Amino acid sequence: MRLTYTGDLWWKNAVVYCLDVETYKDGNGDGIGDFRGLTQQIDHLDRLGVTCIWLMPFFPTPGRDDGYDITDYYSVDPRLGTLGDFVEFVRTARDRGIRVIADLVVNHTSDEHPWFKESRSSRDSAKRDWYVWRDEPEPFDPKAIVFPDEEDSLWELDEGTGQYYYHSFYRFQPDLNTANPEVRDEIARILGFWMELGLSGFRVDAVPFLIEDIDGGPHEFLADLRAFMNRRDGTSILLGEVNLPYPELTEYFGDGNGDEVTMCFDFVAMQRFHLSMARKNPKALAEALRERPKAPDDAQWAMFMRNHDELTLDKLTEAEKHEVFDAFGPDKDMQLFDRGLRRRVPPMLGGDLSRLKLAYSVLFSLPGTPVLFYGEEIGLGENLEAKGRMAVRVPMQWAPSGGFSRGEVRTPVPPVTGEFGPRHVNVEDQRRDPDSLLHWVTMLIERYRECPELAWGDYDVLDAGDEAVLAHRADAEGGTVVAVHNFADREAEVELVLEGLGDPCVLVDLLVDGTLDVGPGGRAGFTMGPYGCRWFRVAEPDEFPEDASAKGH
Ligand code: GLC
Ligand code: CA
(Lines give C-alpha, C1' and ligand atoms only; values in the text may rest on other atoms or scores of the structure.)
(Ligands and ions follow the chains in the order given, each with its own letter.)
Protein backbone atom coordinates (compact mmCIF):
# COMPACT_ATOMS: atom_id res chain seq x y z
CA MET A 1 0.00 0.00 0.00
CA ARG A 2 1.41 3.39 -0.96
CA LEU A 3 2.59 5.38 2.05
CA THR A 4 1.97 8.64 0.19
CA TYR A 5 -1.71 7.83 0.56
CA THR A 6 -1.57 6.95 4.22
CA GLY A 7 0.30 10.16 5.00
CA ASP A 8 -2.47 12.34 3.58
CA LEU A 9 -5.31 10.74 5.53
CA TRP A 10 -3.06 10.39 8.56
CA TRP A 11 -5.87 9.47 10.97
CA LYS A 12 -6.78 6.26 9.14
CA ASN A 13 -3.81 4.41 10.61
CA ALA A 14 -2.81 6.71 13.45
CA VAL A 15 -1.94 5.53 16.94
CA VAL A 16 -3.90 7.74 19.33
CA TYR A 17 -2.92 8.06 23.00
CA CYS A 18 -5.35 9.65 25.46
CA LEU A 19 -3.95 11.29 28.58
CA ASP A 20 -4.87 13.74 31.28
CA VAL A 21 -2.17 16.37 31.85
CA GLU A 22 -3.11 16.41 35.54
CA THR A 23 -2.19 12.74 36.09
CA TYR A 24 0.66 12.23 33.62
CA LYS A 25 3.77 13.95 34.98
CA ASP A 26 4.40 16.77 37.42
CA GLY A 27 7.09 19.15 36.18
CA ASN A 28 7.27 21.70 39.02
CA GLY A 29 7.03 19.52 42.13
CA ASP A 30 3.64 20.75 43.37
CA GLY A 31 2.23 17.21 43.14
CA ILE A 32 -0.09 17.82 40.16
CA GLY A 33 0.72 16.94 36.57
CA ASP A 34 1.35 19.82 34.17
CA PHE A 35 2.29 20.70 30.59
CA ARG A 36 5.97 21.09 31.46
CA GLY A 37 6.07 17.61 32.96
CA LEU A 38 4.23 16.13 29.99
CA THR A 39 6.56 17.86 27.52
CA GLN A 40 9.58 16.31 29.28
CA GLN A 41 8.06 12.84 28.72
CA ILE A 42 7.42 13.32 25.00
CA ASP A 43 10.16 10.84 24.07
CA HIS A 44 8.38 8.05 25.92
CA LEU A 45 5.46 8.58 23.53
CA ASP A 46 7.78 8.93 20.55
CA ARG A 47 9.58 5.66 21.37
CA LEU A 48 6.24 3.93 21.83
CA GLY A 49 5.24 5.02 18.32
CA VAL A 50 2.30 7.24 19.22
CA THR A 51 1.33 9.50 16.30
CA CYS A 52 -1.45 11.52 17.94
CA ILE A 53 -1.98 12.61 21.55
CA TRP A 54 -5.55 13.23 22.74
CA LEU A 55 -5.57 15.62 25.69
CA MET A 56 -8.44 15.29 28.14
CA PRO A 57 -9.88 18.68 29.20
CA PHE A 58 -7.15 21.06 30.41
CA PHE A 59 -9.27 24.20 30.70
CA PRO A 60 -10.19 26.21 33.81
CA THR A 61 -12.79 24.26 35.76
CA PRO A 62 -14.31 23.92 39.22
CA GLY A 63 -13.35 20.24 38.80
CA ARG A 64 -16.69 18.69 39.70
CA ASP A 65 -16.57 16.32 36.68
CA ASP A 66 -12.78 16.04 36.38
CA GLY A 67 -12.56 18.95 33.93
CA TYR A 68 -15.61 18.05 31.81
CA ASP A 69 -17.19 21.12 33.40
CA ILE A 70 -15.48 24.10 31.80
CA THR A 71 -15.56 27.76 32.84
CA ASP A 72 -13.32 29.19 30.09
CA TYR A 73 -12.75 27.64 26.66
CA TYR A 74 -9.89 29.99 25.78
CA SER A 75 -7.29 29.28 28.43
CA VAL A 76 -5.40 26.66 30.39
CA ASP A 77 -6.21 25.54 33.93
CA PRO A 78 -3.53 27.45 35.91
CA ARG A 79 -2.71 24.32 37.91
CA LEU A 80 -1.57 22.68 34.64
CA GLY A 81 0.43 25.58 33.21
CA THR A 82 -0.05 28.53 30.89
CA LEU A 83 -0.98 29.00 27.24
CA GLY A 84 2.75 29.42 26.70
CA ASP A 85 3.42 25.97 28.19
CA PHE A 86 0.66 24.53 26.02
CA VAL A 87 2.20 25.92 22.83
CA GLU A 88 5.67 24.69 23.84
CA PHE A 89 4.18 21.23 24.32
CA VAL A 90 2.41 21.17 20.94
CA ARG A 91 5.56 22.41 19.25
CA THR A 92 7.74 19.75 20.91
CA ALA A 93 5.25 17.02 20.00
CA ARG A 94 5.23 18.20 16.39
CA ASP A 95 9.04 18.09 16.38
CA ARG A 96 8.70 14.34 17.09
CA GLY A 97 6.08 13.96 14.35
CA ILE A 98 3.23 13.67 16.86
CA ARG A 99 -0.06 15.50 16.33
CA VAL A 100 -2.21 16.73 19.20
CA ILE A 101 -6.00 16.77 19.51
CA ALA A 102 -8.08 17.78 22.53
CA ASP A 103 -11.43 17.12 24.10
CA LEU A 104 -14.11 19.47 22.80
CA VAL A 105 -16.75 19.60 25.54
CA VAL A 106 -19.46 21.83 24.11
CA ASN A 107 -22.57 19.82 24.88
CA HIS A 108 -22.58 21.74 28.15
CA THR A 109 -20.56 24.20 30.21
CA SER A 110 -20.01 24.38 33.95
CA ASP A 111 -22.82 26.18 35.77
CA GLU A 112 -20.04 28.55 36.90
CA HIS A 113 -19.22 29.57 33.32
CA PRO A 114 -19.84 33.33 32.85
CA TRP A 115 -22.20 32.49 29.94
CA PHE A 116 -24.47 30.49 32.23
CA LYS A 117 -24.25 33.05 35.01
CA GLU A 118 -25.41 35.66 32.54
CA SER A 119 -28.05 33.34 31.08
CA ARG A 120 -29.61 32.65 34.48
CA SER A 121 -29.39 36.29 35.61
CA SER A 122 -32.80 37.12 34.06
CA ARG A 123 -35.32 35.83 31.56
CA ASP A 124 -34.38 38.77 29.27
CA SER A 125 -30.63 38.28 29.48
CA ALA A 126 -28.80 38.46 26.15
CA LYS A 127 -27.47 34.93 26.78
CA ARG A 128 -30.81 33.46 27.97
CA ASP A 129 -31.19 31.44 24.76
CA TRP A 130 -27.63 30.09 24.93
CA TYR A 131 -29.01 27.39 27.22
CA VAL A 132 -32.26 25.42 27.17
CA TRP A 133 -35.00 26.87 29.40
CA ARG A 134 -38.59 25.70 29.94
CA ASP A 135 -41.41 26.70 32.29
CA GLU A 136 -41.94 23.04 33.16
CA PRO A 137 -39.66 20.00 32.74
CA GLU A 138 -40.38 18.21 29.48
CA PRO A 139 -41.15 14.49 29.82
CA PHE A 140 -38.06 12.28 29.61
CA ASP A 141 -37.20 8.62 29.74
CA PRO A 142 -35.64 7.81 33.16
CA LYS A 143 -33.19 5.57 31.29
CA ALA A 144 -31.78 8.73 29.71
CA ILE A 145 -30.26 9.74 33.04
CA VAL A 146 -26.54 9.13 32.53
CA PHE A 147 -25.46 9.35 36.18
CA PRO A 148 -28.31 7.68 38.10
CA ASP A 149 -26.24 7.69 41.30
CA GLU A 150 -26.53 11.45 41.64
CA GLU A 151 -29.30 12.63 39.33
CA ASP A 152 -33.00 11.83 39.05
CA SER A 153 -33.96 14.37 36.38
CA LEU A 154 -32.68 16.07 33.23
CA TRP A 155 -34.24 19.38 34.33
CA GLU A 156 -33.22 21.62 37.18
CA LEU A 157 -35.23 24.50 38.60
CA ASP A 158 -33.43 27.84 38.65
CA GLU A 159 -34.93 29.55 41.70
CA GLY A 160 -33.98 33.04 40.59
CA THR A 161 -35.93 33.07 37.30
CA GLY A 162 -38.43 30.30 38.07
CA GLN A 163 -37.65 28.26 34.95
CA TYR A 164 -36.02 24.89 34.46
CA TYR A 165 -32.77 24.36 32.52
CA TYR A 166 -31.82 21.18 30.71
CA HIS A 167 -28.77 19.07 31.65
CA SER A 168 -27.94 15.77 29.92
CA PHE A 169 -25.32 15.01 32.58
CA TYR A 170 -24.90 16.43 36.11
CA ARG A 171 -27.08 19.36 37.18
CA PHE A 172 -23.95 21.53 37.34
CA GLN A 173 -23.48 20.96 33.58
CA PRO A 174 -26.25 22.95 31.81
CA ASP A 175 -26.58 22.02 28.12
CA LEU A 176 -25.67 24.66 25.58
CA ASN A 177 -28.36 25.38 23.02
CA THR A 178 -26.47 24.48 19.85
CA ALA A 179 -29.54 25.40 17.84
CA ASN A 180 -28.70 29.05 18.55
CA PRO A 181 -26.55 30.55 15.74
CA GLU A 182 -24.57 32.68 18.21
CA VAL A 183 -23.64 29.55 20.16
CA ARG A 184 -22.57 27.83 16.96
CA ASP A 185 -20.41 30.78 15.98
CA GLU A 186 -18.80 30.79 19.38
CA ILE A 187 -18.06 27.05 19.18
CA ALA A 188 -16.45 27.52 15.77
CA ARG A 189 -14.37 30.35 17.27
CA ILE A 190 -13.17 27.96 20.01
CA LEU A 191 -12.13 25.39 17.42
CA GLY A 192 -10.43 28.06 15.34
CA PHE A 193 -8.55 29.38 18.38
CA TRP A 194 -7.00 26.03 19.31
CA MET A 195 -6.30 25.13 15.68
CA GLU A 196 -4.26 28.36 15.40
CA LEU A 197 -2.32 27.18 18.44
CA GLY A 198 -1.52 23.92 16.69
CA LEU A 199 -4.25 21.39 17.43
CA SER A 200 -5.00 18.88 14.66
CA GLY A 201 -8.55 18.22 15.73
CA PHE A 202 -10.88 17.37 18.57
CA ARG A 203 -12.46 14.45 20.36
CA VAL A 204 -16.08 15.50 20.48
CA ASP A 205 -17.58 14.71 23.85
CA ALA A 206 -21.08 13.26 24.15
CA VAL A 207 -22.03 13.64 20.46
CA PRO A 208 -25.56 12.12 20.49
CA PHE A 209 -26.52 14.42 23.38
CA LEU A 210 -26.00 17.62 21.39
CA ILE A 211 -29.35 19.38 21.28
CA GLU A 212 -31.69 17.79 18.78
CA ASP A 213 -34.63 20.15 18.62
CA ILE A 214 -33.62 21.86 15.39
CA ASP A 215 -34.16 20.83 11.78
CA GLY A 216 -31.56 18.22 10.94
CA GLY A 217 -30.60 17.74 14.60
CA PRO A 218 -26.93 17.65 15.55
CA HIS A 219 -26.11 16.38 12.06
CA GLU A 220 -26.37 19.79 10.50
CA PHE A 221 -24.36 21.25 13.37
CA LEU A 222 -21.62 18.62 13.01
CA ALA A 223 -21.45 19.08 9.25
CA ASP A 224 -21.12 22.85 9.80
CA LEU A 225 -18.25 22.34 12.22
CA ARG A 226 -16.50 19.94 9.94
CA ALA A 227 -16.85 22.29 6.98
CA PHE A 228 -15.48 25.13 9.07
CA MET A 229 -12.48 23.01 10.07
CA ASN A 230 -11.86 21.91 6.48
CA ARG A 231 -11.76 25.53 5.39
CA ARG A 232 -9.13 26.28 8.01
CA ASP A 233 -7.11 23.04 7.82
CA GLY A 234 -8.15 20.11 5.61
CA THR A 235 -6.09 17.64 7.66
CA SER A 236 -7.87 18.31 10.95
CA ILE A 237 -10.25 15.73 12.40
CA LEU A 238 -13.24 15.18 14.65
CA LEU A 239 -13.17 11.98 16.71
CA GLY A 240 -16.68 11.33 17.96
CA GLU A 241 -17.83 9.78 21.20
CA VAL A 242 -20.96 8.12 19.82
CA ASN A 243 -22.07 5.11 21.84
CA LEU A 244 -24.93 3.83 19.67
CA PRO A 245 -25.78 0.65 17.74
CA TYR A 246 -24.13 0.52 14.30
CA PRO A 247 -27.06 1.67 12.14
CA GLU A 248 -27.58 4.90 14.14
CA LEU A 249 -23.90 5.33 14.77
CA THR A 250 -22.92 5.43 11.11
CA GLU A 251 -25.26 8.39 10.57
CA TYR A 252 -22.69 10.46 12.46
CA PHE A 253 -20.18 9.83 9.70
CA GLY A 254 -22.57 11.90 7.61
CA ASP A 255 -24.90 9.36 5.99
CA GLY A 256 -22.38 8.00 3.55
CA ASN A 257 -20.97 11.42 2.64
CA GLY A 258 -18.32 11.38 5.33
CA ASP A 259 -18.89 15.07 6.02
CA GLU A 260 -19.51 14.95 9.80
CA VAL A 261 -17.36 13.12 12.34
CA THR A 262 -14.06 11.83 10.85
CA MET A 263 -13.77 8.90 13.25
CA CYS A 264 -16.24 7.19 15.55
CA PHE A 265 -15.29 4.98 18.47
CA ASP A 266 -16.47 1.42 17.92
CA PHE A 267 -18.25 0.86 21.24
CA VAL A 268 -19.97 -2.27 19.90
CA ALA A 269 -16.78 -4.16 19.00
CA MET A 270 -15.18 -2.95 22.26
CA GLN A 271 -17.95 -4.54 24.33
CA ARG A 272 -18.01 -7.73 22.27
CA PHE A 273 -14.24 -7.93 22.65
CA HIS A 274 -14.57 -8.11 26.45
CA LEU A 275 -17.36 -10.66 26.14
CA SER A 276 -15.10 -12.74 23.88
CA MET A 277 -12.23 -12.48 26.34
CA ALA A 278 -14.54 -13.56 29.18
CA ARG A 279 -15.73 -16.56 27.13
CA LYS A 280 -12.28 -17.37 25.75
CA ASN A 281 -14.09 -17.59 22.45
CA PRO A 282 -13.99 -14.79 19.86
CA LYS A 283 -17.36 -15.46 18.20
CA ALA A 284 -19.10 -12.37 19.64
CA LEU A 285 -16.31 -10.08 18.39
CA ALA A 286 -16.24 -11.82 15.00
CA GLU A 287 -19.98 -11.16 14.65
CA ALA A 288 -19.51 -7.46 15.44
CA LEU A 289 -16.81 -7.18 12.78
CA ARG A 290 -19.05 -8.91 10.24
CA GLU A 291 -22.05 -6.71 11.12
CA ARG A 292 -20.19 -3.43 11.16
CA PRO A 293 -20.95 -1.11 8.25
CA LYS A 294 -18.07 0.22 6.19
CA ALA A 295 -16.96 3.74 7.14
CA PRO A 296 -17.06 6.29 4.28
CA ASP A 297 -13.82 6.63 2.28
CA ASP A 298 -12.12 9.35 4.28
CA ALA A 299 -13.61 8.27 7.61
CA GLN A 300 -12.45 5.59 10.03
CA TRP A 301 -13.44 3.47 13.03
CA ALA A 302 -11.52 4.11 16.25
CA MET A 303 -10.76 0.91 18.17
CA PHE A 304 -10.18 0.85 21.92
CA MET A 305 -10.21 -1.48 24.86
CA ARG A 306 -11.23 0.99 27.52
CA ASN A 307 -11.45 4.75 27.90
CA HIS A 308 -11.38 7.13 30.87
CA ASP A 309 -15.01 6.40 31.84
CA GLU A 310 -16.59 3.22 33.15
CA LEU A 311 -15.95 0.30 30.78
CA THR A 312 -19.51 0.34 29.56
CA LEU A 313 -21.26 -2.92 28.66
CA ASP A 314 -24.57 -1.26 27.79
CA LYS A 315 -24.77 -2.74 24.29
CA LEU A 316 -24.67 -6.35 25.57
CA THR A 317 -27.71 -8.28 26.76
CA GLU A 318 -28.27 -8.54 30.54
CA ALA A 319 -26.98 -12.13 30.49
CA GLU A 320 -23.88 -11.22 28.47
CA LYS A 321 -23.14 -8.27 30.74
CA HIS A 322 -23.27 -10.58 33.77
CA GLU A 323 -20.87 -12.99 32.09
CA VAL A 324 -18.37 -10.15 31.81
CA PHE A 325 -19.06 -8.98 35.39
CA ASP A 326 -18.54 -12.53 36.70
CA ALA A 327 -15.27 -12.96 34.82
CA PHE A 328 -13.72 -9.52 35.26
CA GLY A 329 -15.42 -7.61 38.07
CA PRO A 330 -17.44 -9.88 40.39
CA ASP A 331 -17.47 -7.46 43.38
CA LYS A 332 -20.23 -4.85 43.39
CA ASP A 333 -17.55 -2.26 44.11
CA MET A 334 -15.89 -3.03 40.75
CA GLN A 335 -19.12 -2.27 38.88
CA LEU A 336 -20.77 1.05 38.13
CA PHE A 337 -24.27 2.24 37.21
CA ASP A 338 -25.22 -1.41 36.67
CA ARG A 339 -23.76 -1.10 33.18
CA GLY A 340 -19.98 -1.08 33.42
CA LEU A 341 -16.72 -1.83 35.18
CA ARG A 342 -14.51 0.71 36.90
CA ARG A 343 -11.40 -1.39 36.40
CA ARG A 344 -8.46 -1.32 34.04
CA VAL A 345 -7.78 -4.38 31.89
CA PRO A 346 -4.62 -5.81 33.59
CA PRO A 347 -6.30 -6.39 36.99
CA MET A 348 -9.39 -7.68 35.14
CA LEU A 349 -7.12 -10.35 33.64
CA GLY A 350 -5.49 -11.06 36.99
CA GLY A 351 -2.23 -9.60 35.70
CA ASP A 352 -1.74 -12.57 33.31
CA LEU A 353 0.92 -11.19 30.97
CA SER A 354 0.37 -13.64 28.12
CA ARG A 355 -3.36 -12.89 28.09
CA LEU A 356 -2.66 -9.16 28.19
CA LYS A 357 -0.31 -9.52 25.26
CA LEU A 358 -3.05 -11.33 23.38
CA ALA A 359 -5.52 -8.54 24.17
CA TYR A 360 -3.26 -5.81 22.75
CA SER A 361 -2.27 -7.91 19.77
CA VAL A 362 -5.97 -8.22 18.93
CA LEU A 363 -6.52 -4.49 19.46
CA PHE A 364 -3.73 -3.42 17.10
CA SER A 365 -4.71 -5.92 14.42
CA LEU A 366 -8.40 -4.94 14.32
CA PRO A 367 -9.59 -2.88 11.34
CA GLY A 368 -9.47 0.75 12.45
CA THR A 369 -7.34 3.25 14.35
CA PRO A 370 -6.26 2.12 17.82
CA VAL A 371 -6.73 4.48 20.77
CA LEU A 372 -4.81 3.81 23.98
CA PHE A 373 -5.64 5.21 27.41
CA TYR A 374 -2.39 6.32 29.12
CA GLY A 375 -0.65 3.58 31.08
CA GLU A 376 -2.09 0.74 29.02
CA GLU A 377 1.39 0.26 27.52
CA ILE A 378 2.75 -0.79 30.93
CA GLY A 379 -0.33 -2.53 32.35
CA LEU A 380 -1.34 0.23 34.77
CA GLY A 381 -4.02 -0.83 37.28
CA GLU A 382 -6.82 1.04 39.03
CA ASN A 383 -7.49 2.43 42.50
CA LEU A 384 -10.89 1.24 43.69
CA GLU A 385 -10.69 3.56 46.71
CA ALA A 386 -11.48 6.41 44.33
CA LYS A 387 -15.07 7.36 43.67
CA GLY A 388 -16.99 6.03 40.65
CA ARG A 389 -15.36 6.53 37.27
CA MET A 390 -12.31 8.15 38.86
CA ALA A 391 -10.91 4.72 39.81
CA VAL A 392 -9.04 4.38 36.51
CA ARG A 393 -7.69 7.96 36.40
CA VAL A 394 -4.65 7.19 38.53
CA PRO A 395 -1.21 8.87 38.27
CA MET A 396 1.12 7.44 35.62
CA GLN A 397 3.90 5.20 36.97
CA TRP A 398 7.34 6.11 35.65
CA ALA A 399 9.70 4.41 38.09
CA PRO A 400 9.69 1.97 41.04
CA SER A 401 9.37 4.93 43.39
CA GLY A 402 6.46 6.29 41.32
CA GLY A 403 8.36 8.98 39.46
CA PHE A 404 5.23 11.06 38.96
CA SER A 405 6.34 14.01 41.09
CA ARG A 406 9.38 15.01 43.10
CA GLY A 407 6.97 16.38 45.70
CA GLU A 408 4.03 14.79 47.45
CA VAL A 409 1.48 13.47 44.94
CA ARG A 410 -1.72 15.57 45.06
CA THR A 411 -3.69 14.22 42.07
CA PRO A 412 -7.47 13.75 42.49
CA VAL A 413 -6.89 9.99 42.75
CA PRO A 414 -4.01 8.72 44.93
CA PRO A 415 -1.46 6.37 43.32
CA VAL A 416 -2.14 2.66 42.87
CA THR A 417 -0.85 0.45 45.67
CA GLY A 418 -0.22 -3.30 45.93
CA GLU A 419 0.68 -5.65 43.11
CA PHE A 420 -0.10 -3.04 40.41
CA GLY A 421 1.66 -0.25 42.29
CA PRO A 422 4.76 1.50 40.90
CA ARG A 423 7.19 -0.95 42.49
CA HIS A 424 5.83 -3.71 40.21
CA VAL A 425 4.49 -1.75 37.24
CA ASN A 426 6.54 1.14 35.84
CA VAL A 427 8.13 2.46 32.66
CA GLU A 428 11.73 2.40 33.86
CA ASP A 429 11.83 -1.34 34.69
CA GLN A 430 9.90 -2.36 31.60
CA ARG A 431 12.27 -0.45 29.32
CA ARG A 432 15.03 -2.80 30.51
CA ASP A 433 12.96 -5.96 30.14
CA PRO A 434 12.56 -7.32 26.57
CA ASP A 435 9.66 -9.54 27.69
CA SER A 436 7.69 -6.65 29.17
CA LEU A 437 4.29 -5.42 28.05
CA LEU A 438 5.93 -2.11 27.10
CA HIS A 439 8.24 -3.87 24.60
CA TRP A 440 5.35 -5.92 23.25
CA VAL A 441 3.09 -2.90 22.71
CA THR A 442 5.97 -0.95 21.12
CA MET A 443 6.51 -3.82 18.68
CA LEU A 444 2.80 -4.10 17.91
CA ILE A 445 2.64 -0.38 17.12
CA GLU A 446 5.66 -0.67 14.85
CA ARG A 447 4.11 -3.58 12.96
CA TYR A 448 0.71 -1.92 12.82
CA ARG A 449 2.29 1.11 11.17
CA GLU A 450 4.15 -1.17 8.72
CA CYS A 451 0.88 -2.89 7.79
CA PRO A 452 -1.45 -0.06 6.69
CA GLU A 453 -3.65 -2.77 5.13
CA LEU A 454 -4.94 -3.55 8.64
CA ALA A 455 -6.38 -0.07 9.05
CA TRP A 456 -7.15 0.79 5.45
CA GLY A 457 -7.99 -2.49 3.85
CA ASP A 458 -11.13 -4.43 3.16
CA TYR A 459 -11.28 -7.09 5.81
CA ASP A 460 -12.72 -10.58 6.12
CA VAL A 461 -13.21 -12.66 9.22
CA LEU A 462 -12.01 -16.16 8.25
CA ASP A 463 -13.00 -19.59 9.39
CA ALA A 464 -10.03 -20.69 11.51
CA GLY A 465 -10.93 -24.34 12.06
CA ASP A 466 -11.00 -23.91 15.88
CA GLU A 467 -13.69 -22.03 17.79
CA ALA A 468 -11.14 -20.43 20.13
CA VAL A 469 -9.38 -18.69 17.26
CA LEU A 470 -10.10 -15.35 15.59
CA ALA A 471 -8.52 -15.11 12.14
CA HIS A 472 -8.98 -12.15 9.86
CA ARG A 473 -7.31 -10.86 6.74
CA ALA A 474 -6.98 -7.34 5.42
CA ASP A 475 -6.38 -6.53 1.74
CA ALA A 476 -5.43 -3.22 0.18
CA GLU A 477 -3.77 -2.38 -3.15
CA GLY A 478 -2.43 -5.91 -3.67
CA GLY A 479 -1.04 -6.26 -0.13
CA THR A 480 -2.50 -8.85 2.27
CA VAL A 481 -2.04 -9.20 6.02
CA VAL A 482 -3.50 -12.05 8.09
CA ALA A 483 -3.89 -11.93 11.89
CA VAL A 484 -4.62 -15.02 13.97
CA HIS A 485 -5.37 -15.03 17.71
CA ASN A 486 -6.06 -17.86 20.13
CA PHE A 487 -8.43 -16.65 22.86
CA ALA A 488 -8.16 -19.86 24.89
CA ASP A 489 -5.58 -21.07 27.42
CA ARG A 490 -5.04 -24.29 25.50
CA GLU A 491 -3.37 -25.16 22.23
CA ALA A 492 -5.35 -24.60 19.04
CA GLU A 493 -5.08 -26.25 15.63
CA VAL A 494 -5.54 -23.63 12.95
CA GLU A 495 -6.62 -24.45 9.39
CA LEU A 496 -6.91 -21.45 7.09
CA VAL A 497 -8.07 -21.19 3.51
CA LEU A 498 -6.75 -18.01 1.93
CA GLU A 499 -8.38 -17.35 -1.39
CA GLY A 500 -7.08 -15.40 -4.35
CA LEU A 501 -3.40 -15.32 -3.42
CA GLY A 502 -0.50 -15.68 -5.86
CA ASP A 503 1.01 -19.13 -6.30
CA PRO A 504 3.51 -19.92 -4.85
CA CYS A 505 3.33 -17.78 -1.76
CA VAL A 506 4.34 -17.77 1.88
CA LEU A 507 3.13 -16.27 5.13
CA VAL A 508 5.91 -14.18 6.68
CA ASP A 509 5.44 -13.96 10.44
CA LEU A 510 5.71 -10.35 11.58
CA LEU A 511 5.79 -10.93 15.33
CA VAL A 512 8.01 -13.76 16.46
CA ASP A 513 7.83 -17.11 14.71
CA GLY A 514 9.06 -18.26 11.31
CA THR A 515 7.68 -18.21 7.79
CA LEU A 516 5.00 -20.70 6.70
CA ASP A 517 4.35 -22.11 3.23
CA VAL A 518 0.88 -21.76 1.79
CA GLY A 519 -0.28 -25.03 0.23
CA PRO A 520 -2.44 -25.64 -2.85
CA GLY A 521 -5.82 -23.89 -2.73
CA GLY A 522 -4.45 -21.30 -0.27
CA ARG A 523 -4.34 -23.78 2.62
CA ALA A 524 -2.21 -23.06 5.67
CA GLY A 525 -2.23 -25.03 8.91
CA PHE A 526 -0.32 -24.60 12.16
CA THR A 527 -0.57 -25.12 15.91
CA MET A 528 -0.90 -22.16 18.26
CA GLY A 529 0.03 -22.04 21.94
CA PRO A 530 -2.37 -20.82 24.64
CA TYR A 531 -3.29 -17.14 24.00
CA GLY A 532 -1.06 -17.29 20.90
CA CYS A 533 -0.79 -14.36 18.48
CA ARG A 534 0.44 -14.36 14.90
CA TRP A 535 0.47 -11.64 12.28
CA PHE A 536 1.47 -12.63 8.74
CA ARG A 537 2.22 -10.77 5.56
CA VAL A 538 1.53 -12.69 2.36
CA ALA A 539 4.60 -12.63 0.08
CA GLU A 540 6.18 -14.54 -2.76
CA PRO A 541 8.96 -16.88 -1.58
CA ASP A 542 12.14 -14.80 -1.01
CA GLU A 543 10.32 -11.53 -1.54
CA PHE A 544 11.15 -8.62 0.76
CA PRO A 545 7.93 -8.25 2.81
CA GLU A 546 7.61 -4.47 2.33
CA ASP A 547 7.79 -5.01 -1.45
CA ALA A 548 4.83 -7.36 -1.09
CA SER A 549 2.85 -4.48 0.39
CA ALA A 550 3.57 -2.02 -2.42
CA LYS A 551 3.25 -4.40 -5.36
CA GLY A 552 -0.10 -3.10 -6.56
CA HIS A 553 2.01 -0.38 -8.28
C1 GLC B 1 -18.46 12.11 28.28
C2 GLC B 1 -17.11 11.95 28.96
C3 GLC B 1 -17.33 11.85 30.45
C4 GLC B 1 -18.04 13.10 30.95
C5 GLC B 1 -19.33 13.32 30.16
C6 GLC B 1 -19.88 14.69 30.42
O7 GLC B 1 -19.24 10.98 28.39
O8 GLC B 1 -16.43 10.85 28.44
O9 GLC B 1 -16.13 11.65 31.13
O10 GLC B 1 -18.34 12.99 32.30
O11 GLC B 1 -19.13 13.24 28.78
O12 GLC B 1 -19.03 15.66 29.86
CA1 CA C 1 2.66 20.59 38.72
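This is a predicted model: local features need pLDDT of at least 70, side-chain atom pairs count only at pLDDT 80 or more; totals for chains, interfaces and linings use all residues.
**Entry 1: aromatic pairs**

I started with the rings and found 36 aromatic pairs in the structure. I picked out Trp-133 and Tyr-165, which form an edge-to-face pair with 5.7 Å centre to centre and 75° between the planes. The label follows because planes over 60 degrees apart count as edge-to-face. Next I looked up where the two rings sit in the chain.

I then turned to Tyr-170 and Phe-172. Their ring centres are 5.0 Å apart and their planes meet at 15°, so I logged this pair as stacked. Tyr-170 is buried at 8% relative accessibility, and Phe-172 is buried at 6%.

Which residues make up the aromatic cluster I noted? One cluster is formed by Phe-35, Phe-58, Phe-59, Tyr-74, Phe-86, Phe-89, Phe-193 and Trp-194.

I also checked for charged ends over rings. Lys-127 places its charged end over the ring of Trp-130, 4.7 Å from the ring centre. Arg-128 does this with Trp-133, its charged end lying 3.7 Å from the centre of that ring. Here I was back at a residue from my first entry: Trp-133 also takes part in the edge-to-face pair with Tyr-165.

**Entry 2: helices H10 and H11**

How do the axes of H10 and H11 cross? Helix H10 (residues 267-279) and helix H11 (residues 283-291) have axes that come within 7 Å and cross at roughly 160°. I wrote the two helices down as roughly antiparallel, because angles over 145 degrees count that way.

I listed the residues in contact as well. H10 brings Val-268, Ala-269, Arg-272, Phe-273, Leu-275, Ser-276 and Arg-279, while H11 brings Lys-283, Ala-284, Leu-285, Glu-287, Ala-288 and Glu-291. Sorted by class, the contact has seven nonpolar, one polar and five charged residues.

On H11, I found that the buried residues are Ala-284, Leu-285, Ala-286, Ala-288 and Leu-289. What covers them? The cover includes H10, helix H9 (246-249), helix H14 (353-365), strand S15 (458-462) and strand S16 (469-476).

**Entry 3: backbone angles**

I kept in mind that most residues other than glycine have a negative phi, and most peptide bonds are trans. So I looked for exceptions.

The peptide bond from Asp-503 to Pro-504 is cis, with omega near 5°. Pro-504 sits in the loop between strand S18 (492-497) and strand S19 (506-509).

Glu-477 has a positive phi of about 50° although it is not a glycine. I placed Glu-477 in the loop between S16 and strand S17 (479-486). At 23% relative accessibility, Glu-477 is partly exposed.

Tyr-531 also has a positive phi, near 50°, and is a residue other than glycine. Its loop runs between strand S21 (523-528) and strand S22 (533-539). Is Tyr-531 buried or exposed? Tyr-531 counts as buried, at 8% relative accessibility.

Methods. Residues are numbered from 1 along each chain as its sequence is written. Chains are lettered from A and ligands numbered from 1 in the order in which they are written. Side-chain values use heavy atoms; hydrogens and water are left out. Rings of Phe, Tyr and Trp (its six-membered ring) pair if their centres lie within 6.5 Å; planes under 30 degrees apart count as stacked, over 60 as edge-to-face and the rest as tilted. Buried means under 20% relative accessible area, exposed over 50%, partly exposed in between (1.4 Å probe, protein chains only). A charge sits over a ring if NZ of Lys or CZ of Arg is within 6 Å of the ring centre and within 35 degrees of the ring normal. Axes are lines fitted to C-alpha atoms, for helices over the stretch in contact, and angles run from 0 to 180 degrees between N-to-C directions. Helices (H or I, at least four residues) and strands (E, at least two) are DSSP runs, numbered from the N terminus. Angles under 35 degrees count as roughly parallel, over 145 as roughly antiparallel, 65 to 115 as roughly perpendicular and the rest as oblique. Contact means heavy atoms within 4.5 Å. Ala, Val, Leu, Ile, Met, Phe, Trp, Tyr, Cys and Pro count as nonpolar, Asp, Glu, Lys and Arg as charged, and the others, Gly among them, as polar.
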